[in-house]
Amino acid sequence: MRPNGLVTLLTDFGTADGYVGAMRGAALAAAADVRLVDLTHEIPRHDVRQAAFVLAFAAPAFPLGTTHCVVVDPGVGSGRRALLVAAGGHFFVGPDNGVLWPAVRALGGRTEPQVAVLTLPAGASTTFHGRDVFAPAAARVATGRCDFDGQPQAAGWTEFVMPRPVADGSGRWRGIVLSVDCFGNVITNFDRATFDDEVAPGTFRLRCGPVVTEVLRTCYAEGVADDVFCIWGSGGRLELSVCEGSAADRIRPERRGPWPAVELDFRPC
Amino acid sequence: MRPNGLVTLLTDFGTADGYVGAMRGAALAAAADVRLVDLTHEIPRHDVRQAAFVLAFAAPAFPLGTTHCVVVDPGVGSGRRALLVAAGGHFFVGPDNGVLWPAVRALGGRTEPQVAVLTLPAGASTTFHGRDVFAPAAARVATGRCDFDGQPQAAGWTEFVMPRPVADGSGRWRGIVLSVDCFGNVITNFDRATFDDEVAPGTFRLRCGPVVTEVLRTCYAEGVADDVFCIWGSGGRLELSVCEGSAADRIRPERRGPWPAVELDFRPC
Amino acid sequence: MRPNGLVTLLTDFGTADGYVGAMRGAALAAAADVRLVDLTHEIPRHDVRQAAFVLAFAAPAFPLGTTHCVVVDPGVGSGRRALLVAAGGHFFVGPDNGVLWPAVRALGGRTEPQVAVLTLPAGASTTFHGRDVFAPAAARVATGRCDFDGQPQAAGWTEFVMPRPVADGSGRWRGIVLSVDCFGNVITNFDRATFDDEVAPGTFRLRCGPVVTEVLRTCYAEGVADDVFCIWGSGGRLELSVCEGSAADRIRPERRGPWPAVELDFRPC
């Protein structure tokens with residue numbers, strides 16, 4: 001797969017400081033013809049799991065040949081490596097802390113990805129590899145100015161695997177809350193590919209903290225007031241939602257602390 | 001008018017999740033040469049009126065031939081239709097909930113717009129038409145890959161009309177607060193085209209909740225400390241402002257609840 | 001230096017309203033082939049110093065020939081002039097309130113910049129020069145449609161100089177907090193070019209309000225829990241940081257009021 005000139009940017013830098021701007025500048029300085037597209041810069045700081053989740057959600061929407069530049073990088077300037085990965089027709093640049101891997105595995109399927117270690121440019125700072133390492137590298141990869149030929153092959157990288165639901169052998173599955181979006185939809189790790197046939201009206205009961213529901217809907221507007229229901233979300237995961245309301249506020253009214261487990265029960269009631 | 005390759009994006013998705021990123025990816029996957037420009041993604045969730053206001057404000061600044069993709073869409077996945085509209089040399093793609101119409105009417109003037117129903121692509125999700133329907137359609141429209149020839153003509157669409165001030169017959173007009181910006185400027189529905197001649201120093205008194213003013217200024221820096229004044233805003237509407245302060249905080253100090261009516265009085269004092 | 005078609009945007013408009021969208025539209029209407037890149041739009045309103053800081057930090061990362069459009073402009077519509085500046089191979093467009101100058105001086109070095117007054121277009125509003133003056137001018141400059149030939153030369157502009165540390169003659173320097181980023185890193189005005197040799201382990205003691213440290217680290221991950229340390233930041237300034245924590249919260253736990261002075265002491269302990 002040839003790179004298509006597009007670089008997506010995903011960071012935990014926020015947008016109020018000059019950091020994302022400087023990354024964009026460094027990418028354009030490295031390859032004037034690169035095209036930059038933001039995924040988000042509002043990953044909670046150092047939250048590798050949320051960054052991995054967003055990348056795995058959004059990257060598949062991009063055309064083949066896209067390069068994804070991910071900088072959620074508490075280890076910047078330490079010995080942690082910078083990686084270049086190719087999988088499923090997409091390219092990825094980011095720190096060797098696992099953040100790339102849910103997307104790499106989702107896009108690459110059973111084919112093993114190609115993985116190289118990026119050489120740090122001379123004069124790179126020890127505090128801002130987004131500007132000094134990752135953005136220029138991604139821009140050069142995206143525009144065909146850098147590829148696997150020039151980089152040492154990697155081994156022994158850190159792989160982050162998104163947790164999967166666990167069965168207790170008696171028809172009950174125990175999952176987790178993976179993410180919560182700005183609409184208050186609560187996204188679980190029950191995936192449609194595995195559970196689509198089993199989650200049907202009358203066959204299941206889902207519990208998450210104080211909320212229990214046996215309702216599955218196909219669109220938000222079907223919900224009635226205050227009704228917490230299940231819905232297959234656009235990322236292929238079972239979500240808890242409320243029509244024009246927030247399932248998150250129902251599950252965790254005090255808005256802090258860890259999310260409760262998600263229990264999915266298929267035993268006859 | 002031929003489309004110019006530009007697509008503006010306007011949603012209530014926020015920027016913290018991967019939703020806007022996925023929309024951008026889907027647009028680029030549908031038409032690699034599309035150029036994406038954000039209006040805003042911070043419309044309060046499901047606030048069709050605020051989205052309509054922002055679209056009508058910002059769209060006229062764009063060159064002719066621009067395609068505007070609007071996704072404030074509580075009815076996603078239900079029977080509500082997806083529309084393609086052409087008016088005043090601009091194109092619009094969005095749900096049939098009225099959100100497009102203040103901009104369509106402002107740009108189209110007295111010429112009736114062209115309106116078609118977009119066919120949903122096979123496999124579209126029921127929860128995320130921004131990614132699966134609107135962004136790809138807008139990208140294809142903007143790059144000449146989709147036009148009115150291929151789509152059924154629409155009738156009976158939902159039209160949202162921005163409320164206008166009402167006269168009480170004795171020289172007093174009653175209007176509303178349309179929007180409040182991040183500087184605390186309070187934007188009313190008194191429009192310059194109608195009221196420019198009548199709103200002049202010594203001729204009017206404006207009341208909005210606890211605030212009363214007879215002052216009209218031409219730029220913010222003219223204001224003196226704590227002075228709430230009227231000013232014709234850049235969208236052609238009468239606004240309430242405070243120099244380096246917030247008119248919004250003066251009108252609604254408790255920062256919640258509905259905005260009071262805007263009363264404009266031309267009776268001799 | 002020929003302009004390279006890129007325009008960066010830096011404002012205090014926030015991203016929730018339609019203002020930044022309208023600026024983008026006006027830029028594209030003025031020059032369809034301009035390429036727009038955001039620095040940030042979240043400068044605290046009217047905070048010329050923070051805007052100047054972000055511009056001076058981010059602009060140098062961009063390729064030569066880039067045009068930077070800065071709109072932090074409490075004087076909009078008053079007599080204040082609009083400037084076009086060229087320095088160090090970069091172009092700048094913005095109000096004559098000093099905001100451009102730290103970047104102009106950093107990039108231009110000892111060479112005097114070229115400075116012209118932009119003519120206001122007929123029909124410009126008095127409240128939104130971002131849309132009506134600066135964005136179109138920047139787009140035209142960036143694409144070679146406007147240059148210094150067509151504009152009157154400026155003199156007597158307002159220059160903002162970033163404050164520098166002051167020595168008390170006995171080995172103690174007194175500096176200030178220039179900015180605080182979203183990670184809670186506290187950025188001082190001690191610059192590496194001047195203080196690099198002197199700030200070394202065992203040679204210094206830095207005090208900022210309740211925090212005192214003699215520790216200098218080279219990357220964040222070296223820090224131990226709750227350890228406030230100094231680090232040379234990626235903008236070449238001495239910063240106070242905490243590994244996976246916030247130095248800002250340690251220095252100003254109540255999160256309001258002015259920042260304390262930064263005292264750097266080289267006297268033998």
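This note goes through a predicted model of three chains, point by point.

1. How the copies are related. Chain C can be laid on chain B by a rotation of 120° with 0.0 Å of shift along its axis, and the RMSD of that superposition is 0.0 Å. That is the relation of a three-fold axis.

2. The interface of chain C and chain B. The size of an interface is often given as the accessible area lost when the parts come together. Between chain C and chain B about 2,400 Å² is buried, and 56% of it lies on carbon and sulfur atoms. On the side of chain C, the residues that lose the most area to chain B are C:Tyr19, C:Arg45 and C:Thr127, which together make up 24% of what that side buries. Counted by residues, 30 of chain C are in contact with 30 of chain B.

3. Polar links and make-up on that side. Between chain C and chain B there are 14 residue pairs in polar contact, with both residues at pLDDT 80 or more, while the count of salt bridges is 0. Helix α1 of chain C, residues 19-30, provides the largest share of the side that touches chain B, namely 8 residues. When the residues of this side of chain C are sorted by class, 12 are nonpolar, 12 are polar and 6 are charged.

4. The interface of chain A and chain B. Here 30 residues of chain A are in contact with 30 residues of chain B, and the two chains bury about 2,400 Å² between them, 56% of it on carbon and sulfur atoms. Which three residues supply more of the area that chain A buries against chain B than any other three? They are A:Phe57, A:Phe183 and A:Ser234, and their part comes to 23%.

5. Polar links and elements on the side of chain A. Two or more residues of the side of chain A that touches chain B come from each of β2 (35-40), α2 (48-58) and β14 (228-232) of chain A. Of the elements, β2(A) gives the most, with 5 residues. By class, this side of chain A divides into 19 nonpolar, 6 polar and 5 charged residues.

6. A:Ala221 sits in the loop between β13 (216-217) and β14 of chain A. Is A:Ala221 buried or partly exposed? With a relative accessible area of 38%, A:Ala221 is partly exposed. If its neighbours within four places in sequence are left aside, A:Ala221 is in contact with A:Cys243 in its own chain and with B:Pro74, B:Gly75 and B:Ser78 in chain B. A:Ala221 and A:Val242 are 21 residues apart along the chain, and their C-alpha atoms are separated by 9.2 Å.

7. Helix α3 of chain A. This helix spans residues 101-108, and its buried residues are A:Trp101, A:Pro102, A:Ala103, A:Val104 and A:Gly108. The elements of chain A that cover these buried residues include α2, β4 (82-87), β5 (90-95) and β6 (114-117). Just after α3(A) comes A:Gly109, which takes a positive phi of about 60°.

8. Positive phi away from glycine. Most residues other than glycine have a negative phi, and most peptide bonds are trans. B:Asp226 is not a glycine, and yet its phi is positive, at about 70°. This residue lies in the loop between β13 (216-217) and β14 (228-232) of chain B, and B:Asp226 counts as exposed, since its relative accessibility is 58%. In chain C, the phi of C:Asp226 is also a positive value, near 70°, in a residue other than glycine. C:Asp226 is found in the loop between β13 (216-217) and β14 (228-232) of chain C, where C:Asp226 is exposed, with a relative accessible area of 59%.

Key
Residues are numbered from 1 along each chain as its sequence is written. Chains are lettered from A and ligands numbered from 1 in the order in which they are written. This is a predicted model: local features need pLDDT of at least 70, side-chain atom pairs count only at pLDDT 80 or more; totals for chains, interfaces and linings use all residues. Side-chain values use heavy atoms; hydrogens and water are left out. Contact means heavy atoms within 4.5 Å. Buried area is the accessible area (1.4 Å probe) that two parts lose on being put together, summed over both. A salt bridge is a side-chain nitrogen of Lys or Arg within 4 Å of a carboxyl oxygen of Asp or Glu. A polar contact is a pair of N or O atoms within 3.5 Å; within protein, one must be able to donate a hydrogen and the other to accept it, and residues adjacent in sequence count only if both atoms are side-chain atoms. Helices (H or I, at least four residues) and strands (E, at least two) are DSSP runs, numbered from the N terminus. Ala, Val, Leu, Ile, Met, Phe, Trp, Tyr, Cys and Pro count as nonpolar, Asp, Glu, Lys and Arg as charged, and the others, Gly among them, as polar. Copies are superposed by least squares on the C-alpha atoms of residues with pLDDT of at least 70 in both. Buried means under 20% relative accessible area, exposed over 50%, partly exposed in between (1.4 Å probe, protein chains only).
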